[in-house]
Amino acid sequence: MTTQVTRMLKRYIAALPERQRGMRERLPGLKEEYSRFKVDPPESPVKVLPTLDGKTARPLSPQLRDWYAATGTLIESSWKYLSPSDIKSIVKLGKLREIVDAHREYWDGSAPMQFPNSQLSVFALINDLDDGDLIYLVWPQTDSVEPEVWEYFGQSETRHKDLTAYLASLLEA
């Protein structure tokens, strides 16, 4: 059965070459790293995602199950959507801890300021955390509900009620 997330993700992936071409036309001097795309195959069946609390993992929600059944690491421009194994590695990095701590201390209303590490996973990042831009999955108290997707880019925050809403915003861009 093809789900809404699967259909949207396939449309997004199919559009990546055209998005890359358009970006290069608009910005001819753009560095390669800002106009690349790559889609890795899915990892072996994934059942859980690590949270920022190294001792806690969350069962995949239906939408995330569909995402990770279709792709592993996905790169568009400088955004790198992490595979489950990427997330497991990133959570251990001191640089990630610095960014989360800065969001928690200095960004009023940010996901880290409002939620404990056990309710936060990293979904995507830019340039291996060079600028601190990243996307969190904000897990609800119960495992049966989809996590929200909170994007931090530059000095802006964008919240999406779930992965479907986030994919819809990508397809509109």
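Predicted model: local features only at pLDDT ≥ 70, side-chain atom pairs only at ≥ 80, totals over all residues.
How many bridges join strand β6 to β7, and in which direction do the two strands run relative to each other?

1. **The pairing of β6 with β7.** Strand β6, which covers residues 120–126, is joined to β7 by 5 bridges, and the two strands run antiparallel.

2. Strand β7 spans residues 134–138 and is mostly covered, with 5 of its 5 residues buried. In a regular strand the side chains alternate between the two faces of the sheet. Here Leu134, Tyr136 and Val138 point one way from β7, whereas Ile135 and Leu137 point the other way, and all of them are buried. On to the next strand, 5 bridges join β7 to β8 (residues 148–153), again with the strands running antiparallel, and the bridge partner of Tyr136 in β8 is Trp150.

3. **The other neighbour of β6.** Strand β6 is also joined to β5, by 3 bridges, and these two strands run antiparallel; one of the pairs is Trp79 with its bridge partner Ile126 in β6. Of the 7 residues of β6, 7 are buried, so this strand is largely enclosed by the rest of the structure.

4. **The sheet as a whole.** These strands belong to an open sheet of 7 strands, in the order β1-β4-β5-β6-β7-β8-β9, with antiparallel pairing. Strands β1 (37–39) and β9 (156–160) stand at the edges with a single partner strand each, so one side of each of them is left without a neighbour in the sheet. From one strand to the next, the twist averages 20 degrees. Helix α4, made of residues 94–106, lies across β6, β7 and β8 and runs at about 70 degrees to β7.

5. In soluble globular proteins, nonpolar side chains tend to be buried together. The largest nonpolar core of this model has 43 residues, and those with the most contacts inside it are Leu64, Tyr81, Phe123 and Tyr136. Strand β6 supplies the largest share of this core, 6 residues. As an example of such a residue, Tyr81 touches, beyond its neighbours up to four places away in sequence, a set of residues including Tyr12, Trp67, Phe123, Ala124, Ile135, Tyr166 and Leu170.

6. **Two packed helices.** Two packed helices are described by the angle between their axes and the distance between the axes. For helix α2 (residues 62–70) and helix α6 (residues 163–172), the axes come within 9 Å and cross at roughly 50 degrees, which makes α2 oblique to α6. The contact brings Gln63, Leu64 and Trp67 in α2 against Leu163, Thr164 and Leu167 in α6. By type, the residues of this contact divide into 4 nonpolar, 2 polar and no charged.

7. **A backbone angle to check.** Most residues other than glycine have a negative phi, and most peptide bonds are trans. Ser77, however, has a phi near 55 degrees, which is a positive value in a residue other than glycine. Ser77 sits in the loop between β4 (74–76) and β5 (79–81). Is Ser77 buried or exposed? With a relative accessible area of 11%, Ser77 is buried, because this value falls under the 20% cut-off.

8. **Two residues with greater accessibility.** Lys10, in helix α1 (residues 4–26), has a relative accessible area of 52% and is exposed, since the cut-off for exposed is over 50%. The C-alpha atoms of Lys10 and Ser78 are separated by 20 Å, the two residues being 68 residues apart along the chain. Gln114 lies in helix α5 (residues 111–114) and, at 42% relative accessibility, counts as partly exposed. Leaving aside neighbours within four places in sequence, Gln114 is in contact with Gly109, Trp150 and Arg159. Between Gln114 and Val138 there are 9.9 Å in space, C-alpha to C-alpha, although they are 24 residues apart in sequence.

Methods: Residues numbered from 1 in each chain as written. Heavy atoms only, no water. Axes fitted to C-alpha atoms, helices over the stretch in contact; angles between N-to-C directions. Helix = DSSP H or I, 4+ residues; strand = E, 2+ residues; numbered from the N terminus. Parallel < 35°, antiparallel > 145°, perpendicular 65-115°, else oblique. Contact = heavy atoms within 4.5 Å. Nonpolar A, V, L, I, M, F, W, Y, C, P; charged D, E, K, R; others polar. Buried < 20%, exposed > 50% of the residue type's maximum accessible area, 1.4 Å probe, protein only. Pairing = 2+ DSSP bridges. Core = buried A, V, L, I, M, F, W, Y, C linked by side-chain atoms within 4.5 Å.
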